[in-house]
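Look it over before reading on.

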Amino acid sequence: MNAQRATMSIAGLFILISLGLAHGFGQIDITKFGWLWFTVFVGLNLFQSGLTGFCPLTKILVKLGVRPAT
């Protein structure tokens, strides 16, 4: 795992931890507020793309003509 992938994994994990803590301390109710699920999705995607190297958004952007990182 390189530094970029580790950063992506840690960032995703921090997003998920912050949502979990906010929910646990009663600051948000993740079961009722629909837009927070979008944040959960982003956090999970960051975490898994850091671990696996596969990012769906990167594949879409490359198909749209954006140059991939070298």
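This is a predicted model: local features need pLDDT of at least 70, side-chain atom pairs count only at pLDDT 80 or more; totals for chains, interfaces and linings use all residues.

Q: Is Ser49 buried or exposed?
A: Buried means under 20% relative accessible area. Ser49 has a relative accessible area of 3%, so Ser49 is buried.

Q: Which backbone oxygen lies 3.1 Å from a polar atom of the side chain of Ser49?
A: A polar atom of the Ser49 side chain is 3.1 Å from a backbone oxygen, that of Leu46.

Q: Leaving aside neighbours within four places in sequence, which residues is Ser49 in contact with?
A: Contact means heavy atoms within 4.5 Å. With neighbours within four places in sequence left aside, the contacts of Ser49 are Arg5, Met8, Phe54 and Cys55.

Q: What does helix α1 reach from its first C-alpha to its last?
A: Helix α1 covers residues 3-24, 22 residues. At 1.5 Å a residue, 32 Å is expected. The model comes close to that, at 31 Å.

Q: What do the buried residues of α1 pack against?
A: The buried residues of α1 are Ser9, Gly12, Leu19 and Ala22. They pack against α2.

Q: Which residue caps the N-terminal end of α1?
A: A side-chain oxygen of the capping residue lies 3.3 Å from the backbone nitrogen of Gln4. That residue is Asn2.

Q: Is Gly20 buried, partly exposed or exposed?
A: Gly20 has its place in helix α1. Gly20 has 43% relative accessibility, so Gly20 counts as partly exposed.

Methods. Residues are numbered from 1 along each chain as its sequence is written. Side-chain values use heavy atoms; hydrogens and water are left out. Buried means under 20% relative accessible area, exposed over 50%, partly exposed in between (1.4 Å probe, protein chains only). A polar contact is a pair of N or O atoms within 3.5 Å; within protein, one must be able to donate a hydrogen and the other to accept it, and residues adjacent in sequence count only if both atoms are side-chain atoms. Helices (H or I, at least four residues) and strands (E, at least two) are DSSP runs, numbered from the N terminus. The expected span of a helix is 1.5 Å times one less than its number of residues.
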